Amino acid sequence: MNTLCCSALRRRVIIGALCLASAFSASSAKKPNVLFILTDQWRAQALGYAGDPNVKTPRLDKLAEEGINFDTTVSVCAICTPYRAALLTGRFPLSTGMYANDLYLPAEEITMGELFKAAGYNTAYIGKWHLDGHGRKSYIPPERRQGFDYWKVLECTHVYKQSQYYDNNDPKIKMWDGYDAYAQTKDAQAYIRKHATDDKPFLFFFSFGGPHFPHKSAPEDLKALYPPESLKLRPNVEFTEKYPEAKVREELQGYYGHCTAIDKCVGDLMDTLDELGIADNTIVVFTSDHGEMMGSHGKVPSAKLHPYDEANLVPFLFRYPPLTDGKARKIKTPLNTPDILPTLLALTDIEIPDTIEGEDLSVLIKEPGKEIGRAALTMQIKPQSTLRIPYRGVRTARYWYAEQADNGEKLLFDCEKDPYQMNNLYGNPEAKALQTKMAERLKEELVKVGDYPFKGAGHYKGYLDRKTGIPKDGPGTERKLSAKNLEKMKAKKNKKAKE
Ligand SMILES: [Ca+2]
C-alpha cells in the first residue's frame, strides 16, 4: 500500500471514529452554532476597539465589548494559503507542506469542515477559499471542499465588484451583484434564517475578500468618510519614491473604506442572529489571515510577509454569551493560527484528532482572568518574492524576536514600551539576558515542529507537489505549483523535447 493510500485510509478511520464518538455523545441539547468570520489582510491595529484613531468599526467595537478580544493573535504565516491551511487543519505550514500561495490542500488532511460535519453539523462556506491550487478561477468539485456542504466560493480574486463565484455544484461561473461583501452577507443571512431551527447546528464559514488591496475599489460612500489628508498615520510609516505620502494616504483611505464595509456586514449578521433568537447559542469568531504593512517600516501598502506586528498580528474576537457573559474581556496570551481549531473543537465538545499540532486554549475562554505564558511561532518559509527575507519568530504577550534567514539579521522588540517596533534591542548589552531567553524560546518552538535549524528559501526550491508527487525546480515557482500550470509546464517541456 502506498503512502497516499495509507493516509487516505487512516483519515477515513479517524473521521469515522470521531463521527461515532460524536453520535454516542450526542445529547438532547443542541451544540452551539459557529459563525466563523475570516477577513483578508485586516491588521490587528486597524480597529476602533484596538485604538486606531481613524477607522470606523462600530459593530466590531460592539462585538469586542460583548465578548473576548484575544489581543495578541498571531498569523502563523502571513500570507493567504499557508494561513488558511493552518487554520483549517490546526497544523503548521511545514507539516502540511502548505507554505506558499496557490498550493493544493491534500484531501487526506483532516479539517475543520470535516470534523464539524462528522459531529453532526450543517456546514457552509462563502467567499474566498485559496486552498485548491488548481487555478484561481477553477471550479472546485465537492471532493475538494474539505467537508463544507453549502458552497458559494471562488478560489481567489481581488475584484470586489461583480466578483465571480461558483454556486454549489453548478460548474458555470456566476457573479455576485454589486460589492461582493454586501451580496455575500445577504446570502449568508438567508442560509442562517433557513437553518436556524434545524435539528442540526451550523458551522458557517464566511471568508471575506477585503480589506485586501486593491483599496481604491472600496464603496465610494465609505471612502468619503476618510479624507486622505485627515488620516493620522502610524509613527513608523516611512515614505518611499514609489509610495510618497499622498499615495500612502490614498491607499489607507480605501483600506478603511473596505474595513467599514465589512464592519457593516458583520453588524448585519449579528442582527440576523438576534432577530432569529439564536445569538445566545452561536459562537461568533471574527479574525483575519494576516495584516498589512501600509507604509510602516517603509514597506509598501499591500505588503505583508515582513517580520513586524503590522503583518503578523490579526484581530480575534470571540463571542458566545454562555461563556462571555456580555462583558468585554481582553486576553494577552498569544493565540496562534493552529490553536484556533482545537480550541473551537473543545468548546463544541468535539474530539480533537491527534493530527492537530495547535493547542486547545479553551481554558482561557472558560476561566476569566486566566493567562498562559506562552510564545506563538510565526514564519515566512519561502516568501513570494526574492525581495522578502524568510524568517522565523516568536511573539509573546510582550516581546517579538525574529531571526531572518539568508541575511542573518535579528530583531528584538519590547512591544509594550515600543509598540511601533522602532527600537531594535538585538545586540543591546542591556537586553542580553532577554535576547538569550527569546532565542531559546524560538529554538524550543522550532524543535517542536521539526524546523530547527531552519533553512533559507533556497532549500525549498525542489518543492514536491503534494497532489502529483512530482518534484519541481527553479526559484519563485509558487505560482507554477498548481496542477493546471504544472500541466502547461509539462506540455512546454514535451514540445521542446520534440523540437
Ligand atoms: Ca491573504
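Colleague: What should I know before I look?

Modeller: It is a predicted model: local features need pLDDT of at least 70, side-chain atom pairs count only at pLDDT 80 or more, and totals for chains, interfaces and linings use all residues. Residues are numbered from 1 along each chain as its sequence is written.

Colleague: How many helices and strands are in the protein chain?

Modeller: The protein chain has 14 helices and 17 strands. Helices (H or I, at least four residues) and strands (E, at least two) are DSSP runs, numbered from the N terminus.

Colleague: And what share of the residues counts as buried?

Modeller: 48% of the 499 residues. Buried means 20 or more other C-beta atoms within 10 Å of the residue's own; exposed means 12 or fewer, and partly exposed is in between, with C-beta atoms placed from the backbone.

Colleague: What about contacts along the chain?

Modeller: Take contacts between residues at least 6 apart in sequence: 66% of them join residues at least 24 apart. A contact means that two C-beta atoms, placed from the backbone, lie within 7 Å.

Colleague: Now α11. How many of its residues are buried?

Modeller: 10 of 11, so helix α11 (residues 337-347) is mostly covered. Among the buried ones are Thr337, Pro338, Asp339 and Leu347.

Colleague: What covers them?

Modeller: The cover includes strands β1 (33-40), β9 (282-288) and β13 (335-336). It also includes helices α3 (80-89), α5 (112-118) and α12 (362-366).

Colleague: What follows α11?

Modeller: Asp349, with a positive phi near 60 degrees.

Colleague: Switch to α13. What is its reach from first C-alpha to last?

Modeller: Helix α13 (residues 432-448) has 17 residues and reaches 25 Å, close to the 24 Å expected at 1.5 Å a residue. The expected span is 1.5 Å times one less than the number of residues.

Colleague: Which of its residues are buried?

Modeller: Met438, Leu442 and Glu445. They cover an arc of only 65 degrees around the axis, which puts them on the same side of α13. The arc is that of the directions from the helix axis to the C-beta atoms.

Colleague: Why would residues a few places apart point the same way?

Modeller: An α-helix has 3.6 residues a turn, so residues three or four places apart point the same way.

Colleague: What is on the face turned away?

Modeller: The exposed residues Lys432, Ala433, Thr436, Glu440 and Val447.

Colleague: What does the buried side pack against?

Modeller: The buried residues of α13 pack against β14 (376-380), β15 (391-395), β16 (399-404) and β17 (410-414).

Colleague: How do β15 and β16 pair?

Modeller: Antiparallel, over five bridges. Strands pair if DSSP finds at least two bridges between them. A hairpin of three residues joins β15 to β16. Val394 stands opposite Tyr401 in β16.

Colleague: And β16 with β17?

Modeller: Also antiparallel, over five bridges. Trp400 stands opposite Phe413 in β17. This hairpin has five residues between the strands, and Asp406 in the turn has a positive phi of about 70 degrees.

Colleague: Is β16 enclosed or open, and why?

Modeller: β16 is largely enclosed by the rest of the structure, because five of its six residues are buried.

Colleague: Last one. Where is Leu131?

Modeller: In the loop between β4 (122-128) and β5 (150-154). Leu131 is buried, with 28 other C-beta atoms within 10 Å.

Colleague: What is Leu131 in contact with?

Modeller: Leaving aside neighbours within four places in sequence, Leu131 is in contact with Thr81, Arg84, Ala85 and Leu105. The C-alpha atoms of Leu131 and Pro106 are separated by 9.0 Å, and these two residues are 25 residues apart along the chain.
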